[in-house]
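Me: I am new to this structure. Please show me how to read it, one feature at a time.

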Amino acid sequence: MASSGPRLSTLITWLLYFVPVYIFIVDPLVRSWAPEGTTRISWLTGTTAGPNADDGDVSEEFTPSTLHLTDDSFISPEDGVPAHCPGEADGYRVHLLSRVPLVLYVEKFVSDQEADHLIKVSLDKYSPSIIYDGVSERVDPSKRLSDRALLDRDDTVRCLEERARAFQGWRPHLYIERMWAQRYNASGHYRHHYDWTGSLARGGDRLSTFMVYLGADCEGGGTHFPRLARPEGQQWCRFLDCEEEVGITFRPLKGNAIFWENLGPDGLGYPETWHAAYPVKSGTKVGLNIWSWYQPPLRKRRGRL
Ligand SMILES: *[C@@H]1O[C@H](CO)[C@@H](O)[C@H](O)[C@H]1NC(C)=O
């Protein structure tokens with residue numbers, strides 16, 4: 001046909017334009033979205049590529065006793081003390097809400113007995129919650145109004161540490177932060193924030209969060225994720241406030257937990273994990289945070305041994 005000639009030459013002309021455009025514009029743009037200098041997480045080998053992964057001579061393991069985030073007032077080292085867990089432990093049900101980032105809803109992550117026990121032992125330990133702005137810690141009721149209590153590592157807490165660890169598949173270089181109960185009275189809240197700081201390249205960061213509701217005798221107080229899409233299906237309305245118009249809001253339900261991963265395999269924080277505790281309108285909400293840190297082994301640089 002007469003028209004096939006011009007069409008073929010048009011195609012070739014386009015290709016000739018496309019190749020340099022791809023090489024000089026598209027490819028550099030794509031690369032700039034995945035910035036160099038990020039720390040990739042490799043679970044299988046437990047090694048880390050990136051700025052820390054110099055071809056150093058010696059690989060020095062970070063150990064819980066040698067690091068900033070690892071004094072045992074901050075994390076819960078695996079010290080071999082057995083956890084005596086009650087029979088009904090681990091009777092939870094998991095519902096997948098999002099694959100990337102991974103968000104799971106965990107029904108009955110703690111039993112009523114465990115929740116009541118933790119509420120009771122926290123009672124005389126509360127002090128105002130602080131925020132960390134990357135430099136210092138301070139109390140700022142406009143951003144966060146609640147009280148928090150550091151929990152002793154009794155049997156129940158140790159049991160939960162084990163549950164949280166096993167839930168994540170025994171990943172290497174994972175450290176469970178000491179657990180805090182968080183109490184929200186009427187008007188208590190926590191503005192939108194991330195649990196990660198983006199500091200993995202400098203040492204460690206919060207890989208994952210369990211947000212557990214220990215006590216939910218309250219109105220309001222939902223946990224809001226404006227950047228997550230509501231999953232299909234009316235059955236989710238048991239756990240979610242299906243009236244929410246922006247993103248999703250979890251209803252506080254005693255014993256249940258939200259689990260999410262804060263960091264992707266590239267070591268960068270997920271923007272979708274931006275979340276808030278909506279103000280409690282009446283009553284009291286008690287939450288429990290279980291944060292798992294990922295801290296890759298430090299490789300010493302050549303010449304600095
Ligand atoms: C919450 O209520 C308790 C008990 O009444 C009180 O001691 C505490 O100061 C209150 N906390 C806040 C942040 O209002």
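Me: Which residue forms a salt bridge with E261?

Reply: Start with the general idea. Side chains of opposite charge can pair when their charged atoms come close. A salt bridge here is a side-chain nitrogen of Lys or Arg within 4 Å of a carboxyl oxygen of Asp or Glu. In this structure, R171 is the partner of E261, with the closest N and O atoms 2.9 Å apart.

Me: Where do E261 and R171 lie?

Reply: Helices (H or I, at least four residues) and strands (E, at least two) are DSSP runs, numbered from the N terminus. E261 is in strand 17 (residues 257-261). R171 is in the loop between helix 3 (155-167) and strand 11 (174-176). The pair therefore ties together parts that are 90 residues apart in sequence.

Me: What kind of model is this, and how are residues numbered?

Reply: This is a predicted model, where local features need pLDDT of at least 70, side-chain atom pairs count only at pLDDT 80 or more, and totals for chains, interfaces and linings use all residues. Residues are numbered from 1 along each chain as its sequence is written, and side-chain values use heavy atoms, with hydrogens and water left out.

Me: Is E261 buried or exposed?

Reply: Buried means under 20% relative accessible area, exposed over 50%, partly exposed in between (1.4 Å probe, protein chains only). E261 has 13% relative accessibility, so it counts as buried. R171, at 24%, counts as partly exposed.

Me: How many salt bridges does a search of the whole structure find?

Reply: The search finds 16. One of them joins the side chains of R183 and D147 (3.3 Å, N to O). That pair links distant parts of the chain: R183 is in strand 12 (residues 180-184) and D147 in strand 10 (residues 147-150), 36 residues apart. R183 is partly exposed because its relative accessibility is 22%. D147, at 19%, counts as buried.

Me: What is the salt-bridge partner of E161?

Reply: R153 pairs with E161, the closest N and O atoms being 2.9 Å apart. Both E161 and R153 are buried.

Me: In what order do the five strands of the open sheet run?

Reply: Two strands pair if DSSP finds at least two bridges between them. The order in this open sheet is 9-13-18-15-16, with antiparallel pairing. Strand 9 (144-145) and strand 16 (248-250) are the edges, each pairing on one side only.

Me: Which residue in strand 18 is the bridge partner of H224?

Reply: A276 is. Two bridges join strand 15 (residues 223-225) to strand 18 (residues 275-277), and these strands run antiparallel.
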